[in-house]
Amino acid sequence: MDQRVEQCPQFNAGCMSREILDQISGKWSIMTLTVLSYGPHRFNAIRKRLEGVSQKALTDTLRRLERNGLVRRHVLATSPVGVEYELTTLGASVKALYCGLYDWVVENGAEIAEARKDFDQRMS
């Protein structure tokens with residue numbers, strides 16, 4: 001990769017790109033977006049797909065994604081009232097990125113595991 005240092009972006013503390021990247025690149029955000037890339041899901045269905053996520057963490061994640069325009073929240077007229085989440089057009093427009101990242105992890109998992117093993121051996 002031939003990129004020059006002077007072309008590298010600068011992430012100033014107050015720049016929007018830094019804030020947005022922070023909010024949409026967290027582990028629960030990426031996983032939530034990936035789950036929703038398969039279609040609308042209710043809150044508990046999302047939570048079941050994300051083993052280990054707390055109710056608070058998922059609520060906060062969905063609110064951030066909704067605030068940033070990536071996820072839409074629908075209140076369903078059911079008894080009891082249900083809530084469903086789905087990707088917006090904006091959220092779907094970055095689907096290739098987060099699904100690609102997931103695919104990359106799956107494809108390179110063995111190599112990553114080996115690198116971790118080598119590192120851990122050097123550190124012990």
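User: How are helices and strands defined here?
Analyst: Helices (H or I, at least four residues) and strands (E, at least two) are DSSP runs, numbered from the N terminus. This is a predicted model, in which local features need pLDDT of at least 70, side-chain atom pairs count only at pLDDT 80 or more, and totals for chains, interfaces and linings use all residues. Residues are numbered from 1 along each chain as its sequence is written, and side-chain values use heavy atoms, with hydrogens and water left out.

User: Where is P80 found?
Analyst: P80 is found in the loop between β2 and β3. A cis peptide bond joins S79 and P80, with omega about -5°. As background, most peptide bonds are trans.

User: What joins β2 to β3?
Analyst: A hairpin does, through five residues. Strand β2 covers residues 71-76, and six bridges join β2 to β3 in an antiparallel arrangement. Within this pairing, R72 stands opposite E86 of β3.

User: And which strand does β1 pair with?
Analyst: Strand β1 (residues 41-42) is joined to β3 (residues 82-87) by two bridges, and these strands run antiparallel. Two strands pair if DSSP finds at least two bridges between them. The bridge partner of H41 is Y85, while R42 stands opposite E84.

User: In what order do the strands form the sheet?
Analyst: The order is β1-β3-β2, in an open sheet of three strands with antiparallel pairing. Because β1 and β2 stand at the edges with a single partner strand each, one side of each is left without a neighbour in the sheet.

User: Changing topic, which residues touch the most other members of the largest nonpolar core?
Analyst: I46, L62 and V71 do, in a core of 20 residues. Such a core is a set of buried Ala, Val, Leu, Ile, Met, Phe, Trp, Tyr and Cys residues joined through side-chain atoms within 4.5 Å. The elements α2 (27-36), α3 (43-49), α4 (55-67), β3 and α6 (95-123) each supply at least two residues of this core. Helix α2 gives the most, with five residues.

User: What does I46 touch?
Analyst: Leaving out residues up to four places away in sequence, I46 touches T32, V35, L36, H41, L58, L62 and Y85. Contact means heavy atoms within 4.5 Å.

User: How many disulfides are there?
Analyst: A search of the whole structure finds zero disulfides, a disulfide being a pair of cysteine sulfur atoms within 2.5 Å.

User: Is C15 buried or exposed?
Analyst: C15 is buried, with a relative accessible area of 18%. Buried means under 20% relative accessible area, exposed over 50%, and partly exposed in between (1.4 Å probe, protein chains only). C99 also counts as buried, at 16% relative accessibility.
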